[in-house]
Amino acid sequence: RQRLQIHARQLKSPAVQKRTRSLEDGAVIIREWAGRSYEIAVSAKGYVYDGKTYRSLSAIARLITGARWSGPRFFGLTA
């Protein structure tokens, strides 16, 4: 329990919260992968790719690559 409390405090620290850049509504993320360009739009409900809305970039990265990726890392958003 003590370890969980320590971990929770660390997650709330500014250093952890600023690992990814924040994106505003209407922003577009473009990523090239395997010779193809992919566009993801940022909306209030999530991320729109190929006409469907996803809650996370990781789900989209998994669709594109077929492998488990950190979405922010795959799209170059990590600090």
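This briefing covers the strand pairing and the aromatic contacts of the structure above. The model is predicted. Strands β1, residues 28–33, and β2, residues 36–43, pair in the antiparallel sense, and β2 also pairs with β3, residues 46–49, in the antiparallel sense. A search of the whole structure gives five aromatic pairs, and one aromatic cluster is formed by W33, W69, F74 and F75.

**Strands and hairpins**

- Six bridges join β1 to β2, and W33 stands opposite R36 of β2.
- The hairpin of β1 and β2 has two residues between the strands; A34 in this turn has a positive phi of about 55 degrees.
- Three bridges join β2 to β3, with G46 in β3 as the bridge partner of S43.
- β2 and β3 likewise form a hairpin, with two residues between them.

**Aromatic pairs**

- Among the five aromatic pairs is W33 with W69: the ring centres are 5.9 Å apart and the planes stand at 85 degrees, so this pair is edge-to-face.
- W33 belongs to strand β1 and W69 to the loop between α3 (57–65) and α4 (71–74), so their pair ties together parts 36 residues apart in sequence.
- W33 is partly exposed at 26% relative accessibility, and W69 is partly exposed at 30%.
- The rings of F74 and F75 are also edge-to-face, because their planes lie at 85 degrees, with centres 4.9 Å apart.
- F74 is buried, with a relative accessible area of 2%, and F75 is buried at 8%.

**Charge over a ring**

- The charged end of R31 sits over the ring of F74, 4.2 Å from the ring centre.

Conventions. Residues numbered from 1 in each chain as written. Predicted model: local features only at pLDDT ≥ 70, side-chain atom pairs only at ≥ 80, totals over all residues. Heavy atoms only, no water. Pairing = 2+ DSSP bridges. Helix = DSSP H or I, 4+ residues; strand = E, 2+ residues; numbered from the N terminus. Phe/Tyr/Trp six-rings, centres within 6.5 Å; stacked < 30°, edge-to-face > 60°. Buried < 20%, exposed > 50% of the residue type's maximum accessible area, 1.4 Å probe, protein only. Lys NZ or Arg CZ within 6 Å of the ring centre and 35° of its normal.
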